[in-house]
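Please keep the sequence and the structure in view while reading.

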Amino acid sequence: MAMLMMLGFCLAAPAMAQDAAPAPAPAPQGDARTVATQTCMAEAEKRKIELGATAITLREVNDTDKKSDDVAGVEASVNVVKTDSKGKTKTSKKKFECATREGVVTKFEWK
């Protein structure tokens with residue numbers, strides 16, 4: 001009987017040690033322009049593969065436009081970092097235009 005309990009504990013322990021599902025990312029906070037900028041930068045980070053980039057960093061927010069409580073637009077310059085097969089990195093500048101509605105990207109365009 002003791003062997004059976006020990007076997008049950010050994011099998012259950014790894015299952016209990018596993019982490020639960022990852023927590024969702026916290027919603028951006030701040031005024032509408034800040035939230036739109038954060039949302040658009042997150043979208044730029046998701047779309048970096050389109051450019052062959054390994055990293056995207058905010059360089060400058062050129063313009064933000066709050067059209068209503070739920071709608072905002074952002075035009076920003078970013079640094080695009082690409083890494084070649086030898087491990088060398090090259091940084092270039094790129095711009096994007098983005099529109100959001102209720103924290104969701106409705107338009108995103110690299111320029």
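Two strands are taken to pair if DSSP finds at least two bridges between them. By that criterion, in this predicted model, strand β1 (residues 55-66) and β2 pair in the antiparallel sense over 10 bridges. The chain contains two helices and four strands, which run from the N terminus in the order α-α-β-β-β-β.

**Strand pairing**
- β1 and β2 form a hairpin with four residues between them, and within this pairing L58 has V78 of β2 as its bridge partner.
- β2 also pairs with β3 in the antiparallel sense, here over 13 bridges, with V74 standing opposite C98 in β3.
- Five residues lie between β2 and β3 in their hairpin, and G87 in the turn has a positive phi of about 90°.

- The largest nonpolar core comprises 16 residues, and I56, V78, F96 and W110 have the most contacts inside it.
- Two or more residues of this core come from each of α2 (32-46), β2 (71-83), β3 (89-101) and β4 (104-110), with β2 giving the most, at five residues.
- Beyond its neighbours within four places in sequence, W110 contacts several residues, including A44, L51, I56, V78 and F96, as well as R47, E50, K94 and K95.

**Whole chain**
- Buried residues account for 26% of the 111 residues in the chain.
- The chain exposes about 8000 Å², of which carbon and sulfur atoms supply 56%.
- Among contacts between residues at least 6 apart in sequence, 40% join residues at least 24 apart.

Note on methods: Residues are numbered from 1 along each chain as its sequence is written. This is a predicted model: local features need pLDDT of at least 70, side-chain atom pairs count only at pLDDT 80 or more; totals for chains, interfaces and linings use all residues. Side-chain values use heavy atoms; hydrogens and water are left out. Buried means under 20% relative accessible area, exposed over 50%, partly exposed in between (1.4 Å probe, protein chains only). Contact means heavy atoms within 4.5 Å. Accessible areas come from the Shrake-Rupley method with a 1.4 Å probe; for residues, only the protein chains shown count as cover. A nonpolar core is a set of buried Ala, Val, Leu, Ile, Met, Phe, Trp, Tyr and Cys residues joined through side-chain atoms within 4.5 Å.
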